[in-house]
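Subject: Model handover

Hello,

Here is the model I said I would pass on. My notes follow it.

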Amino acid sequence: MSEDREHRTPPKGPEGKEPSVTAAERPKPVSKPAAASGAAVKPAPPKKAPPPPDPRVEAAKAKAEEIRKFIDQQLSTEAVVETGAAHIHPMLLIRKEDWVAVVELLKRSDAYQLNYLECMAGTDYPNYIEVVVYLQSTELGHFICLKTRTDREQAEIPSLCAVHPGANWEEREIYDLLGVTFTGHPDLRRIMLDDDFKGHPLRKDYSAWEA
Amino acid sequence: MSLIDEKDQVRTEEMLLNLGPQHPSTHGVLRLLVKINGETITDVEPVIGYLHRGTEKLAEDLQYTQIIPYTDRLDYLAAMLNNYALCHTIEQAMDLEVPERAEYLRVIVMEMQRVASHLMFIGAYLLDLGAMSPFLYVFADREQIVQLFNEICGARLTYNYMRVGGVKWDAPPGWLEKVADFVQYLKQKFHMYDELITGNEIFLARTRGIGRFDTETALAYGLSGINLRSTGYPWDLRRKKPYSIYDRFDFDIPVGQNGDCFDRYYLHLLEIKESLRIVEQALKSIPSSGPVLGKVPKMIRVPAGEYYSGIEGARGELGFYIVSEGKDKPYRLKIRKPSFINLQLLPELLRGQSIANVIAILGAVDIVLGEVDA
Amino acid sequence: MSGPLIAFYVISLCILGCAVLMLSFRKVIYMALAIGGVFVGCAAIYLLLGAEFVGVAQILIYAGAITILMMFAIMLTNHEATEPPFQWNARNVASAVGCILLGILILLVIRSTPWPQPDTSVDVNGGNSNPVAIGMALFKQYAIPFELVSLLLIVALVGAVILAQHRKEDE
Amino acid sequence: MWDWRSQPLTVPSVIAMLIGAVVILLLALGVVTYTIYVQRRILGWMQLRIGPNRVGPLGLFQTIADVLKLLIKEDVVPAKADRALFMLAPIIAFVPSFTVMAVIPFSAHNVFTANLGIGVLFYLALSAITIHGVMLAGWASNNKYALIGGMRSAAQMLSYEIPLGLSLVGVVLMAGSLNLNDIVLAQQHAGLWNVIPQILGFIVFLIASTAELNRTPFDLPEAESELVAGYHVEYTGFRFAFFMLTEYMYLFAMAGLCATLFLGGWSGPLLPGWLWFAIKVFLYIFFQFWLQATLPRFRVDQLMTFSWKVLLPLALVNLVLTGVVKAIW
């Protein structure tokens, strides 16, 4: 792992707080300085004067707000932690407990019909692990990004397999490479690496030499 | 009344057949653990990862331009499309303008690549089904495409041709004419494939109604590309979420009717036709000169944020998800690998089938292990 | 010593050898192979006797079809199973004694039977070739028994199919 | 007619028999060698490539080089294999394939041909023994692909032996003899090759013989895309060569049978008999290679269905038709 990586300081966004773990509890690898989030909302480059906001981003944010209202109506008001835009697509950060319920709601709802799991990815941030799904409505054309976060030490997220069977291998891959346990997954085993492999390579503090 | 004791049933041994990782028809290093009872499959478990190179991890230590050659090795039968998918995502993130001529060149090579990849599928599929000659015929045709690519970028398989903001090289003199000649040539050749393969009774008997699934299943499993379209669902990103300059071309999205292996084969053939149409149109309207690389910063830095965009690859939706901190290297790069996702459905498709159908079904799912394992 | 006589002894030795091997092998697949050898040997004896048609039919049906069927059965079942090693017990002793007595009896019968001397001057086939003679016998002289046997076989075949069908429905 | 049973067993007669056998063996080996060469050249031509052209003029010595290579290769017997059967199987498979050559009338003077009264049946019976070798090879290798390949072969060859046999009965009825020489003579006498009056039987024969030879589109037993190589997957070197030899020996024998039964054997105008025979044999072999270059492979259950539900009834219809025509005439 390069030194550069170890000491990088990602731009701090207002949303950079880890929802379920306080700063005191979070793990601190010795070589890793406290670093904040991966900046889910695209912030303007800090150097220059802020350019006029991109209308696409504004529209995405508005739509995310709209979806949040819908979810609040149907589920609890706490399901959506925050909204924003992932580049030009609406983004909603979902509470871990409501993860499956929200995805299912959006899949079944007539208004959105987000029936197609287009992409699923996990990312290791300094304070938490984020799982992101891009959902597509093949009929209505909606395309949104949903996220949820979990603690790095006890990474655990409910599995989406029951809602989107296609999430099966993606979740196995995230489990394999990032060490997130998907509760309720029918067959959670390593998929890319050997069964007796130690560690999770896509974590930022993974070192091939320590394993 | 039966004369035979009910308990005294025929008991055959359940056998575990280990198909691969070194098996001629698993298209690489796929391993299938097949449980068979007699000739009927009771369960299948695909074991992958033999070709896992950790592309996503490697990318975290590479500058954006350095990642492009790594994408060549994903779906090594369609490297141009992989190149483009990455460059496209970065361009989207940076809001970069790509020069006209570069866009046209990109579309030409991408569609030629799709043709090459689909030809390869047809050959390999027929070889799986026991017909040897089509494999050699498609290789002869694919060779011409590979030669054309060799002329434009100096490589036969791992092209590394696309750049963020354009392409590396302009077409050498006379290249576009050669492409035009090739398109005409392949259009004629097309009938031969159609007559040699599509009308063959044995081929029909082996693929019609085999490995069927419906649109709902396909969408639930996140299938894309020809696998999804074979169920009759016209989901093609070139139309549904137009990227590059695809909105300027007139082409159809062929869809299947039954979602069986035959449809998947035939769609490959029809898509070759459509790709040739696109290439023809692009050749007509390509600007005769101009820059092929847009104005891009010396060091490519994607603004902080996260980006996802997918393109219609040869095997389905090929997407790149990038998390950036605004540096010259991505914080996280995730590849949406169509083969990987399409392969998930395989156990469902194979359960209850005869062992003899394994090859026909697996072949039609059309995977490339370089991409599955990434 | 003429060729046929030498051939007869060699073939007989082969048959006996195969038969003994069949009894002494411990693996079923070897037994099936040995019995195949016995069948082929018998066919050779038939050929030696000038019964070409019977000899070839013997190979076609016994060595070809029946042995293969046995092998199929063996391969489809658990082929690791071997017989337990041989032990002398009351039953085995009794059967051995019975076999020896039976052998002596048969030998005595054979010795006391006045066999007709082979007469090379008479052509048993009546001037026809071997299969023609058999055809003549089957379809002229023994036409009714032949048809009856065919009928019996058909009934057996249909019965077997019905039995198999029954079980399929029960399942 | 020379009959070995009535001959005294003298040294010259034994030597004569041995020489005859060796000559046929060499002839068959030569034919097989160049059949393989021709196959590769024809396939190369049909598949837009060149084929062997390096060893010797026009690559004529390619097969010889291949065989030499096989001979000096290491002879591997898998550790878990049943050693005795593993070694025995190629022999069981090969010996009958050579033995059937005894009844094929190569030329008008039937130099090396046993004038057997039941030639047709002899061929069918002996070729059935080869199945033992194939099956045992599959079983003894202790390899699942080999086992499945062996079993498939056996099932296939047994199933297709029936339509094959029945398709021959029509010809036998026409000639009134099972003797292959008589069948040729009968065709010569009638002035008409059996392929015309027995066209239905000929078609059934052509298909069933292709299946019997395990050739495309019936090459299931060695379907390389499914079973890797089928029953001989564990065999190397000389033992593997035996299986290859068996396969091509049968191709030659089947071509000879086809020429004899349906194409008038060695009879034909102008050219000498052996040349006519060679031409007809080559036609059949070329047809097989043509199929190989053209068709994909059947599925195993389709193969069985085809034999029992299509070929067998067709063969029976042909038999009845022939019988009726023969009775009326």
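In chain A, 58% of the contacts between residues at least 6 apart in sequence join residues at least 24 apart, contact meaning heavy atoms within 4.5 Å. This is a predicted model, in which local features need pLDDT of at least 70, side-chain atom pairs count only at pLDDT 80 or more, and totals for chains, interfaces and linings use all residues. Residues are numbered from 1 along each chain as its sequence is written, chains are lettered from A and ligands numbered from 1 in the order in which they are written, and side-chain values use heavy atoms, with hydrogens and water left out.

Chain A has 4 helices and 7 strands (DSSP runs of H or I with at least four residues, and of E with at least two, numbered from the N terminus). Their order from the N terminus is α-α-β-β-α-β-β-β-β-α-β. Of its 211 residues, 55% are buried (buried is under 20% relative accessible area, exposed over 50%, partly exposed in between; 1.4 Å probe, protein chains only). The accessible surface of chain A is about 9,400 Å², and carbon and sulfur atoms hold 53% of that (Shrake-Rupley method, 1.4 Å probe; for residues, only the protein chains shown count as cover).

Chain B next. Strand 1 is joined to strand 2 (residues 31-37) by 6 bridges; B:Leu16 has B:Lys35 as its bridge partner in strand 2.

Another open sheet in chain B has the order 6-7-8, also with antiparallel pairing. Strand 6 (305-312) and strand 8 (332-336) each have a single partner strand, so one side of each is left without a neighbour in the sheet. Neighbouring strands here are turned by 10 degrees against each other on average, direction ignored. Between strand 6 and strand 7 (residues 317-324) there are 8 bridges, and B:Tyr307 is partnered with B:Ile322 in strand 7.

Regards

Conventions. Pairing = 2+ DSSP bridges. Axes fitted to C-alpha atoms, helices over the stretch in contact; angles between N-to-C directions.
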